Amino acid sequence: MRKQSFFKGFAVASVCFLSLLVTAQEAVNYQTPPKAIVDLLLAPPTPTVSVDDKGQYMLVMERSSYPTVEDLAQPELRIGGLRLNPNNFGPSRSAYVLNYKIKNLATGTETQVKGLPANLKAGATSWSPKETKFAFTNSTNNNIDLYVVDVKTGIATKINKTPLNMVLDGITWEDENTIWYNTTLKKGSEAPPRPLAPSGPIVQQNLGKAAPSRTYQDLIRNPYDAALFNFYGTGQLVRNVNGSETKIGKPDLFLSIRMSPDKRYLLAERLDKPFSYLVTVNGFASSFVILDKAGKEIKTLAKNPSSETAPSGFDNVQNIPSRFNWRNDAPATVYWSQPLDSGLYKNKMEFHDAVYTLTAPFTAAPKELFKTNYRFYNVTWGNSNTALVTEGLQRQQQARVSRLNPATGQLEKLYEHSTNDAYSNPGSPVTIENQYGKQVILFTDGGNKMLMTGNGASPKGDLPFLSSYDLNEKKNTILWRSQEGFYETVEKVLDADKKIFITSKESTTEAPNYYTRNLSNNTAKAITAFADPQPALRQVKKEKIFYKRKDGVDLTATLYTPAGYDAKRDAPLPVFMWAYPREFKSAGDAGQVRGSQYTFTRVGAGSSVFLVTQGYAVMDATEFPIVGEGDKNPNDNFNEQLQWNAEAAINKVTDMGVGDRNRVSVGGHSYGAFMTANLLAHTRLFKAGIARSGAYNRTLTPFGFQNEERTYWQAPEVYNAMSPFSYADKIKDPILLIHGEADNNPGTFPIQTERLYNAIKGHGGTTRYVVLPFESHGYTGKENLLHMLWEMNQWLDKYVKNTK
């Protein structure tokens, strides 16, 4: 019996699709996609929550939806890799909390916080050390203020006298009544005026030192930018006790302030001049100093140059001390790492990094605590006998976790695994606040075991777990695991002995909600009841599909089909495939199942799943691994592997009877856009493509990109072969190019899309270039998002769905 057309019953909207003939430009008003897409995009966001460590109170935070394009068009300063609101000395692009409620978890009573400012735009929510209060900042057009809420009374009180400066750092609690923060010195209207004419040319120079750097955006470009950065970044550190502000030291450029566990000292990173024109603020020259609580400098730990001279190549680092921080398990001991190989991992030696400590009063010589065979990553502190040290190699995608005895410096390896081997990942240790209010490892069984949580990756998908890791036996025992059919994660452990913890639980039909689980009596009590924000998606079928590519690597994708579709009854569907390539050093790791088929489907701004409402089979999270085992680099045959992945996915969806082989399209964002352009340049597998915010000419990112560590001059053939711009004359299938006008992602400058569009157009290809006003790498403006989805839907309807 001949299959019926599934599109019978879909209302055909009468739209006027703009001409795609070659034109210089088009004046286009904002358009709106079909109502089903609009309703999904504009569904109200689900609140976020935060639970105190005792499990007594939950903060329920109602979030802002998408800003308007008019919001994005407000004044913005782009300097030093930052995007600032020049009027209120804070970030210019933020999602805000619009309301706070406090829920008593014992009674279930929910209390509206009183005293909130009108038109609340809250951020930086943080509990006080004993969790009797929480603080938040409120952004207005001209100021940022600080509020504190008493949890028991539910009353918010504004505590600052001077507006906050949130350009470089945030707020730091000292105790229940004391908070540290930076304040502004002047109003934004008093910023240095732009000179009508420069005082001279802009000059950069290099005197014989290798200084490779990746392609960053929003950099300081001239002396005026440097003056603006200095004006906005300089703040006055203050200590606020019950609403009374005390100035601490002189105004300065503090990138970060960290208080010692005993609350007696401050570890500060202070930016030094001149500011770099080549790297962002986190790479500026800086000094690490220890201050007392009066702001007096008592020890300079390091004066580091800018990261302009950092060597290229994975696992190579600057030959400077770095990673300064306080030991969480000690009153006032600072630690840091220093390379032993001059920063070049190729230098053969047993140990490549050393970690040093210095204890108050900071007058003795630094003490070497331990050395690592790989690059030092971090320490998770526990107690006087045990901490965990993580070291690894990015190039080999390898990580090692060892047990450290802080008293002796002895390291004992616990486990080592590939960072891409999700199946063998034992998880991360659960932490708890110690007597200093700092997070340390939560030990059980007299310090012999520790609780761990993890994603629980497996051939069945992710099944998150809570486990007990025996430090002596080096064995992980699962205490609880998410039930199949659900996706449930451990959010917070409340009682380690009784095994009481909070989880977030969801399924394909149940919206995510929070539960208190008690393993001692095997009970689970719901503590939230958030509704389904997008009920129309519950009629959509979702399944994880499994298949192999030609070299035997296992692959997966999440397949969505429209409500009511039946492959046995209905005709094959047009397909939209969405993907993002990832590099692997092992075919086995590449073939592992990632994610869960049991998650609740909720579509956000960047999702491809919107299109399932328009009659498409959507293959989301389609695996596109790029494998290079042993001495081989993954990118050596990048395009060939792209084709293998694409062919395998198309074969699978068509063999299932779901997809129409002659109506398959592909798309992606960022590196996924790069993938899309390459697939259209090197294959004829797809009817059309959609590429959003990609980089298409790799010679414009010559010092490495993504996980490619070789430079253009070391591997020019790789860079050229991987650049779809070089093959623009071969792109014969229609490609929709979309880019944010203000993209801030390293490498994906808007000119990348502009040049590819011109190249395709110049060779007679079918293409359309859409620039979304004021958008950065991820799109947020409501009108822009609706228009983007309209463009995508129209493009696919014209070149995929309605073709034969």
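**Close-up views of a predicted model**

View 1. At 4% relative accessibility, Ser337 counts as buried, where buried means under 20% relative accessible area, exposed over 50% and partly exposed in between, with a 1.4 Å probe and protein chains only. This is a predicted model, in which local features need pLDDT of at least 70 and side-chain atom pairs count only at pLDDT 80 or more, whereas totals for chains, interfaces and linings use all residues. Residues are numbered from 1 along each chain as its sequence is written, and side-chain values use heavy atoms, with hydrogens and water left out. Ser337 lies in strand S21, residues 333–339; helices (H or I, at least four residues) and strands (E, at least two) are DSSP runs numbered from the N terminus. When residues up to four places away in sequence are not counted, Ser337 touches Ile320, Pro321, Ser322, Arg323, Ala354, Val355 and Phe376, contact meaning heavy atoms within 4.5 Å.

**View 2. Phe638 in helix H5.** Helix H5 covers residues 638–655 and holds Phe638, a residue that is buried with a relative accessible area of 2%. Apart from residues up to four places away in sequence, Phe638 touches Ile626, Tyr671, Phe674, Asn678 and Met722.

**View 3. The largest nonpolar core and Phe686.** The largest nonpolar core has 53 residues, and those with the most contacts inside it are Met577, Met619 and Phe686; such a core is a set of buried Ala, Val, Leu, Ile, Met, Phe, Trp, Tyr and Cys residues joined through side-chain atoms within 4.5 Å. Helix H6, residues 671–682, contributes the largest share of this core, 8 residues. Leaving aside neighbours within four places in sequence, Phe686 is in contact with Met577, Ala646, Ile650, Val664, Ser665, Val666, Leu679, Leu680 and Asp733.

**View 4. A second core.** A second, separate core of 33 residues includes Leu40, Val540, Val612 and Met792. In soluble globular proteins, nonpolar side chains tend to be buried together.

**View 5. The setting of the close-ups.** The secondary structure of the protein comprises 9 helices and 48 strands, and 54% of its 804 residues count as buried. Along the principal axes, the C-alpha atoms fill a box of roughly 85 × 75 × 60 Å. Of the contacts in the protein with a separation of 6 or more, 58% are accounted for by residues 24 or more positions apart.
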